[in-house]
Amino acid sequence: MKLSFVIPCYRSENTIETVVQEIRDTIAAHNAAASQATPDASAKTFDYEIVLVNDCSPDNVWQVIKKLASEDAHIKGICLAKNFGQHGALMAGYGQATGDYIISLDDDGQTPASESFKLVDKLEEGYDVVYGYYKHAAQHLFRRFGSWINKKMAEAIIGQPKTLRTTSFFIMRKFIVDEIVRYPHPFAYISGLVFRATKNLGNVEVQHRRRIEGESGYTLAGLIGLWINGFTAFSVKPLRAATFIGLLCALVGFAAGLYVVYQKFLNPEIPVGYTSMLATLLFVGGMIMFLLGLIGEYVGRIYISINQS
C-alpha cells in the first residue's frame, strides 16, 4: 500500500523541510509499530511519496525542493511556470501521484502531517474521501468567518453535505484522483470536483496548529475570487437566482401598477407621476432580468454539458 502526499508550495522555503521531515517521521513510526504487531493484527506498512509543487513562489522554495528531491527518492518536485493558485497546484500534483491513497496538506505546518493515519484509518472504514476537521481552528477571526461563509455557499450552490466539514487536509482514493485529473478546463475547484465524483464522504477530527512562520497567502480579494470560481464552475444556481429576482421585481412592479390604476379610479384627483413611473421601471426591469435569466439558463446548461458536471 502506498501513500502520496501532495503539497502546494508558496513562500515556504523556511517551512517545507519541517513538513517533509514530519511526514517521514510519521511513516517511519507507523511502519515500525506495524512490523512489531502480532501476526493476527490488522496493522500494515506503507510505502510513500511526497509530491512538492512550486506554485511559482517568489522565494527560494524551488531550490529547497530540488535539494530535498536529490537527497530522497521518495520526493518528487514540480515547478510551475506561473502562479496558478492552490487548486491549480494540487491538480498538477495529483497528475504525478501514484499512491493508492492521496493526502493533500499545506506547506506551512498548520495541517498535522503527524495525524495522517487518522485519515487513513477513517478512509479504510469504506469512505472514498475523508476530510480532517478542526474543533479549534488556529486562524484569525477573518479566516474563520470566511470559512463559514464558504461552507454555507457550498451547501447552497455545489451540494456540499451539511454535516461535512471541509479543510485543506484530506485523503482520497486513487480512483477519485483519477477522475479529478480528467477535468480538462481551467479554473479548477477541488471541492466541486470531489463532490461531482462521489457522495461517500467522511470526517475525522484532527489538530490545527499555528503556522510555523509567515501569514496566509490568501487576501480578501483572493478568497472572493476563489469562491466565485468554485460556485460558477459547477452550478447554474446563480443564473437561476437572477431569474427569480427578475420575476419577483416584475411581479412587484405589476402589482404596484395595478395599485396606481386602482387608486386613480377611486380618486381621479390623485396625481400620477413618480409612483407610476417607479412601477413601470420595476416591471420592465424585472422582465428584462427574467428574460436574461432564461437566456442564462440555456447558456448555463451548455456550460454544464461542456464541463461534464
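Which residues have the most contacts inside the largest nonpolar core? Keep that in mind while we look around.

Some ground rules come before the clicking. You're looking at a predicted model, where local features need pLDDT of at least 70 and side-chain atom pairs count only at pLDDT 80 or more, while totals for chains, interfaces and linings use all residues. Residues are numbered from 1 along each chain as its sequence is written, and side-chain values use heavy atoms, with hydrogens and water left out.

Stop 1: Switch to cartoon view and find the open sheet of seven strands, with mixed pairing and the order 3-2-1-4-6-5-7. Strands (E, at least two residues) and helices (H or I, at least four) are DSSP runs, numbered from the N terminus; two strands pair if DSSP finds at least two bridges between them. Select 75-79 and 201-206: these are strand 3 and strand 7, the edge strands, each pairing on one side only.

Now pick strand 1 (residues 2-9) and strand 4 (residues 101-104), which pair in the parallel sense over four bridges. Click Leu-3, and its bridge partner in strand 4 is Tyr-101.

**Stop 2: two helices.** Select helix 1 (residues 16-35) and helix 2 (residues 61-71), whose axes come within 10 Å and cross at roughly 30 degrees. Axes here are lines fitted to C-alpha atoms, for helices over the stretch in contact, and angles run from 0 to 180 degrees between N-to-C directions. Helix 1 and helix 2 are therefore roughly parallel to each other (angles under 35 degrees count as that).

Show side chains for Ile-16, Glu-17, Val-20 and Arg-24 in helix 1, which meet Val-61, Val-64, Lys-67 and Leu-68 in helix 2.

**Stop 3: the core.** Back to the opening question: Leu-3, Ile-16 and Leu-52 have the most contacts inside the largest nonpolar core, which has 32 residues. Such a core is a set of buried Ala, Val, Leu, Ile, Met, Phe, Trp, Tyr and Cys residues joined through side-chain atoms within 4.5 Å. Buried means under 20% relative accessible area (1.4 Å probe, protein chains only). Helix 1 gives the largest share of this core, five residues.

Zoom in on Ile-16: leaving aside neighbours within four places in sequence, its contacts (heavy atoms within 4.5 Å) include Ile-7, Cys-9, Leu-52 and Asp-107.

**Stop 4: helix 4.** Finally, select 116-123, which is helix 4. Six of its eight residues are buried, so helix 4 is largely enclosed by the rest of the structure. Phe-117 and Leu-119 are among the buried ones, and what covers them includes strand 1, helix 1 and strand 5.

Definitions and conventions:
Angles under 35 degrees count as roughly parallel, over 145 as roughly antiparallel, 65 to 115 as roughly perpendicular and the rest as oblique. Buried means under 20% relative accessible area, exposed over 50%, partly exposed in between (1.4 Å probe, protein chains only).
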